[in-house]
Amino acid sequence: MEEPDFYSTGGFHPVSLGDTFNSGTYKVMRKLGYGQYSTVWLARDSKVQRYVALKILRADCYGGSHDIFEREILSRLSDIAKKSNHGGRNFVLPLLDQFKHEGPNGKHVCLVFEVLGHHLDFQTAKHEDGRLPLKAVRTIVRQLLLGLDFLHRECGILHTGMVMRYQSPPTQNHGANYHRHPDLKPTNILLELETPEETIDKYLTETTPRITTEGGTTKPLREVITTPLISEMRDPHIRIVDFGVALRAPEVTIGAHWDAKVDIWSLGCLIIEFVQGIVPFSGVPSKNGSWTVDDDRLARTIEILGDFPPELLQKGSKTAEFFNTNGSLLRISNLTPTSLDRLINGAERPFLKPNDMSDAEIPIFIDFLQGMLTIDPTRRKSAAELLRHEWLEL
């Protein structure tokens, strides 16, 4: 449960089950969750007679210290999606409605979405060693690539964690032409409910509300709508959600110019996480303070993918914080070279080849990953190019 001091001036709006919003249109049924900037609630839309997810932003998300511009990004995305025929529009979450609500902690922007099921981090936790079935991964990746291609080429949106201006059409040579979009991590990719109205009706009938009376007041606790395992779903569909902060591709870490290829890097990392149950290039600071998270992340990147190209280092405004003039890391010198192949087809856990991957598939899969996980962003493939790769057709 979120901290009590989140519910102060400029913070979260206090919500109880049964509360109504937007002149009685939305009635709160259950709590679905919360994050750094919002709480999310299962609500019933009395006008359309459907269940929705009601996201209530902190009061200071607009006009305060945390301006996040999520409403503007989502509105533009939804406007473009309505006019587009791009298949990727079906894998981003459309904004159904928006309004403002005045409360004791300020004025809150409220956003309304479809109700979705489990995020993929929840799904990986239900599978052995955190590995998803390869067939499901292939389906997810195809949908993610379609969604990214739609966001990149038609919307000019990417996930840098900074809000940038939009130009139409967006150029490909600098991040200043893009809005942000969600960091591609398992918790930001949710499964659609196959029969949402029936599923939610059943859940509400069979499950009593989770509440706490801690502190002498009754407060709702987060709940998760029942969702089948992805391995048991006939035709799983995902949605990219939660427009927030990004993982750092190598060029972002060293302060070089970035473009849509930062998303391709994140996707490559995500695929390894789904297939092997490990997070590649995750940094850990040293206990004695001799190196930082970024230092360790760069070291792991070099161990697996090789040295940074000198021309890329020359473009980084922060290169001198991490590298010496010879292109070696300043604070970590003992590197152990390995490879993508050893991450996927290693000799011991957690790097053993997935049981459902044939030996013949390994080089094809490695080639697919290499199109995304390349230090030089100019050598990474676009989402459209990756969609034509042989691995997706196996």
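Predicted model: local features only at pLDDT ≥ 70, side-chain atom pairs only at ≥ 80, totals over all residues.
Residues are numbered from 1 along each chain as its sequence is written, and side-chain values use heavy atoms, without hydrogens and water. Local features need pLDDT of at least 70, side-chain atom pairs count only at pLDDT 80 or more, and totals for chains, interfaces and linings use all residues.

Ser75 belongs to helix H1 (residues 70-83), helices being DSSP runs of H or I with at least four residues and strands runs of E with at least two. With 19% relative accessibility, Ser75 counts as buried, that is, under 20% relative accessible area with a 1.4 Å probe. Beyond residues up to four places away in sequence, Ser75 touches Leu95 and Gln98, contact meaning heavy atoms within 4.5 Å.

Gly117 is found in strand S7 (residues 116-119) and is buried, at 11% relative accessible area. Apart from neighbours within four places in sequence, Gly117 contacts Leu190, Leu191, Leu193 and Thr227.

Two packed helices are described by the angle between their axes and the distance between the axes. Helix H3 (residues 134-155) packs against helix H6 (residues 261-276) at about 165°, with the axes 11 Å apart. H3 is therefore roughly antiparallel to H6, a term for angles over 145 degrees. Residues of H3 including Leu134, Val137 and His152 meet residues of H6, among them Asp263, Leu267 and Val275. The residues of this contact comprise 12 nonpolar, 1 polar and 1 charged; Asp, Glu, Lys and Arg count as charged, Ala, Val, Leu, Ile, Met, Phe, Trp, Tyr, Cys and Pro as nonpolar, and the others as polar.

Conventions:
Axes fitted to C-alpha atoms, helices over the stretch in contact; angles between N-to-C directions. Parallel < 35°, antiparallel > 145°, perpendicular 65-115°, else oblique. Buried < 20%, exposed > 50% of the residue type's maximum accessible area, 1.4 Å probe, protein only.
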